[in-house]
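Dear colleague,

I am handing over the structure below, and my notes on it follow directly after.

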Amino acid sequence: MCQRRRRLSRKSIASSPAMPRLLNMGNELARCSQGRARVAWRRWVMDEKAVGFTLEMPKVGIIRGVKAKDIEMVGGKVVNLRTCARPYENIYTVTQLRAIQGVSKKYGSGKVHLSPRHNMEIPEIKNKHIDEALRDLYVAGLFPGGAGTSVRNVFTCPDWCARSVRPVQAIGKMVSTNFGDRDMPNKFTISFAGCPNGCSRPHNTDVGIIAVAKVTIADQGCPDGCRECAKVCPVQAVGPTEGRVKINRPACIACGRCVKACPEKILRSEETGFKVLIGGKEGATVAFGAVIAEFAKDFELLEIIESVLRKYEQKVTPRLAGRKKKERMSEVIERLGIAAFLAD
Ligand code: SF4
Ligand code: SF4
Ligand code: SF4
């Protein structure tokens, strides 16, 4: 058995009030994770002989911590635990927040940090309590994650934002289900923005996906004095000229704000799609993504992302000769150029 796997005592698990729920969730998770070897480590597995559970220690989500001065070390190291719901829907329920609060108070120092990609980081948990902490989080549907060389949380805007061109949380969840936690040569990030405002930072993400609107103009004149569309356009690309509205198409960023503002429904958007950028990055060095699709449809996205992941896996090399650490995708694109990166 893997050295990192720890067995919880039969007594402690069997007497747990959460036992029936654990069993249900274990079965549920086993079903939803079929065919995804990567999630095996985060599964509570029923061990029929021992009539208990075994917890395979995660490879990601446990970050070596620095001992805070005000923490009394009783034994073992102190670790930070990153946790998140899977597949990630860009939402934590109140139950999950309570579980995080409980773990932090019981096994940590009462602090919680929200990472830039929405992982809840619970700092200063002692190694000897890590099993209990993981168990308590698991009961609330939370798993370790958000660290290491894998596809990180698929990040989306909230659907209720008034500016969104279209909802993105459901499609983000679908992408998370398909690609979340996949082993990669280096960290890999995917972000969805509900409109070109880009609050989820799609321009500086390995794959950035931005919802865009196809705006059409009805064959109809505008009422005198109306300039509602011109008032809301963030790039001054639309407005009436001699009683008819005109759009400066090269300047338009397809945000759809003029459509929402038009009182006469002269401006319309009957179709939405996604602009896709690849090769963006944040960190010590910053890179902006290159556009590879201007108006991709929902059903094309999985194929585009799979193709980009494969090209990255095929063309990546170590950062330095003889070293283990591999390039980020932005570095591969910078080295080869976008055309060679995308070529078969
Ligand atoms: S990117 Fe657009 S939809 Fe998303 S949060 Fe910002 S303004 Fe709202
Ligand atoms: S879609 Fe946005 S950028 Fe384009 S014309 Fe309308 S308001 Fe301006
Ligand atoms: S397109 Fe709509 S919002 Fe713009 S000027 Fe005409 S009626 Fe007004």
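How many nonpolar, polar and charged residues does the shell around ligand 3 have? It has 10 nonpolar, no polar and 2 charged residues, where Ala, Val, Leu, Ile, Met, Phe, Trp, Tyr, Cys and Pro count as nonpolar, Asp, Glu, Lys and Arg as charged, and the others, Gly among them, as polar. Among the residues around ligand 3 are Cys222, Cys226, Cys229 and Cys262, together with Glu228 and Glu264, a residue being included if one of its heavy atoms lies within 4 Å of the ligand.

This is a predicted model, in which local features need pLDDT of at least 70 and side-chain atom pairs count only at pLDDT 80 or more, while totals for chains, interfaces and linings use all residues. Residues are numbered from 1 along each chain as written, chains are lettered from A and ligands numbered from 1 in the order written, and side-chain values use heavy atoms, with hydrogens and water left out.

In helix H9 (residues 329–336), the buried residues are Met329, Ser330, Val332 and Ile333, buried meaning under 20% relative accessible area with a 1.4 Å probe, protein chains only. Seen down the axis of H9, these fall within an arc of 160° (taken from the directions from the helix axis to the C-beta atoms), so they line one face of the helix. After H9 comes Gly337, whose phi is positive, near 90°.

Ile171, Met174, Val175, Asn178 and Phe179 of H5 meet residues of H8 that include Leu301, Leu302 and Ile305, contact meaning heavy atoms within 4.5 Å.

Best regards

Conventions:
Buried means under 20% relative accessible area, exposed over 50%, partly exposed in between (1.4 Å probe, protein chains only). Helices (H or I, at least four residues) and strands (E, at least two) are DSSP runs, numbered from the N terminus.
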